[in-house]
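Here is a short report on a predicted model.

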Amino acid sequence: MSTVALVGAQWGDEGKGKTIDILAQEAEMVVRAQGGSNAGHTVVYNGQEYKLRLIPSGILYENTDCIIGCGCVVHPGVVLKEIESLTARGIKMDKLRIDARANVIMPYHIAIDTLAEQSRGANDIGTTKNGIGPCYMDKDERVGIRMRDLIDEKLFAAKLKNVLKEKNDIIVKLYGGKALDFDEIYKEYSAFAKKLAPFVCDTTVLVYNAIKSGKKVLFEGAQGTLLDVDLGTYPFVTSSHPTAGGFCIGAGVGPTLIDEVIGVAKSYITRVGKGPFPTELFDEVGDTIRNRGHEFGTVTGRPRRCGWFDTLILKFAVRVNGLTGVAINKLDTLSGLKTVKVCTAYEKNGEILHDFPADISDLEGCKPIYTELPGWDGDLSGCKKFEDLPENARNYILFLEKEIECPIKMIGVGPDRNQNINR
Ligand code: GDP
Ligand code: IMO
Ligand code: MG
């Protein structure tokens, strides 16, 4: 297999960064194709933790090309900070490229994201306030500023002047905020542009040539299937397409060029932000999972909502992404629980549902029907083979595999790149 795409199969934070880092050992290129600095991907290597937001998780390997594709939204200040902090830790940046078409996150996107969330009050979405939604809105409105515009002083000045008046009207007249100053933005972003210009090019050529010459290329999803703006739990979603189809547009590759799609899931579920979550736990078990699994947001520090594994969600992810395999992370976190529950159907108004509903109005009020399985004890982090796992942990994986009808190919037993079982 030369090209593998990795998608989040739940609501994000499934351990995609870690799984990509493991697969990147054999890869020659890692490509991000959607989202922006709302993502927080953690890689642990040699006891050191790296938290990546825009830069692909393949960056820790010296010979791996890393691409930020045209479907991403790029905050130049955030990416520069990442470049500086990784460089300070001895990581080389000469393999990083950013697509000329990628839209730039501007200060007014962040201001509008923040003000809009405030004005929604109790009806807020719970965004990361990174300006993601407003930036994708501008892209679709066709008033976005792209990386190619940013690195061209004159074009940038003209486009910024054009759009800023309207944005300030929204900020001041609609939300009562403070107008942003053209000169300040221009100065700050022109300085970013000078530093980022060497990284900007048409990355679709690089990706195509890599695939054509038989190189192993990995596509790194951000967010997760249920955060997809069309397929997810709308409106409690992000503004991009974190599903497999998103790679085609966001990296500029045809679907025939992607050989395999792996869905990354946790052995339980977490969610940050708002929206329905049928298997959410509000009891001590939820607290135990949150504390043991360190379930606090990488980007915002918010406590993540925790709940039991939901096979309806995974079956949905298998279907809409065409998954050829699944990676289950954090099996170690469930160790020590007397029993573990798995949701295999929902009940609503006396009706039994086997498919994840299309809309949150139908999802609201769905009660999970659980199968309860015996738990297991002990530290799993040293397990290297499936046979090394306790019998009940193996049975848990085999039960999930049967329910979701997709092979579980990798099992995470710790945050480090070595704490992983390949099946
Ligand atoms: P991502 O956004 O999907 O890349 O995931 P995050 O990095 O936001 O959150 C996953 C967290 O789980 C990170 O702290 C990882 O280091 C950690 N992690 C990943 N896989 C495992 C695993 O198998 N076991 C444990 N204990 N931690 C893991
Ligand atoms: P990674 O790649 C988990 C959630 C936010 C919010 C909703 C919309 O680390 O898995 P946005 O700022 O995108 O407009 O917020 O989406 N969200 C994530 N949740 N993991 C992520 O990324 C997320 N990126 C966005 O919490 O509910
Ligand atoms: Mg994350």
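## Cysteines

Does Cys248 count as buried or exposed? Cys248 counts as buried, at 16% relative accessibility. The cut-off for buried is under 20%. Cys383 is buried too, with a relative accessible area of 9%.

The count of disulfides is zero. Cys248 is in no disulfide, and the nearest cysteine sulfur, that of Cys70, is 11 Å away. A pair would need its sulfur atoms within 2.5 Å.

## Magnesium site

Two residues coordinate the magnesium ion (ligand 3): Asp13 through OD and Gly40 through O, at 2.0 to 2.2 Å. Asp13 sits in the loop between strand 1 (3-8) and helix 1 (16-23). Gly40 sits in the loop between strand 2 (29-32) and strand 3 (41-45). The pair therefore ties together parts that are 27 residues apart in sequence.

Accessibility separates the two residues. Asp13 counts as partly exposed, at 22% relative accessibility. Gly40 counts as buried, at 12%.

## Ligand 2

Ligand 2 is surrounded by 19 residues. The closest are Asp13, Lys16, His41, Thr128 and Thr238. By class, the shell holds ten polar, six nonpolar and three charged residues.

A side-chain N or O atom of Asn38 is 2.9 Å from one oxygen atom of the ligand. For Gly40, a backbone N or O atom lies 2.9 Å from a ligand 2 oxygen. For Gln223, a backbone N or O atom lies 2.8 Å from a ligand 2 oxygen. Taken alone, ligand 2 exposes 550 Å², and the protein buries 98% of that.

Key:
Residues are numbered from 1 along each chain as its sequence is written. Chains are lettered from A and ligands numbered from 1 in the order in which they are written. This is a predicted model: local features need pLDDT of at least 70, side-chain atom pairs count only at pLDDT 80 or more; totals for chains, interfaces and linings use all residues. Side-chain values use heavy atoms; hydrogens and water are left out. Donors are N, O and S atoms within 2.8 Å of the metal (3.2 Å for Na, K and Ca); water is not among the atoms, so sites may look incomplete. Helices (H or I, at least four residues) and strands (E, at least two) are DSSP runs, numbered from the N terminus. Buried means under 20% relative accessible area, exposed over 50%, partly exposed in between (1.4 Å probe, protein chains only). A residue is near a molecule or strand if one of its heavy atoms lies within 4 Å of it. A polar contact is a pair of N or O atoms within 3.5 Å; within protein, one must be able to donate a hydrogen and the other to accept it, and residues adjacent in sequence count only if both atoms are side-chain atoms. Accessible areas come from the Shrake-Rupley method with a 1.4 Å probe; for residues, only the protein chains shown count as cover. Ala, Val, Leu, Ile, Met, Phe, Trp, Tyr, Cys and Pro count as nonpolar, Asp, Glu, Lys and Arg as charged, and the others, Gly among them, as polar.
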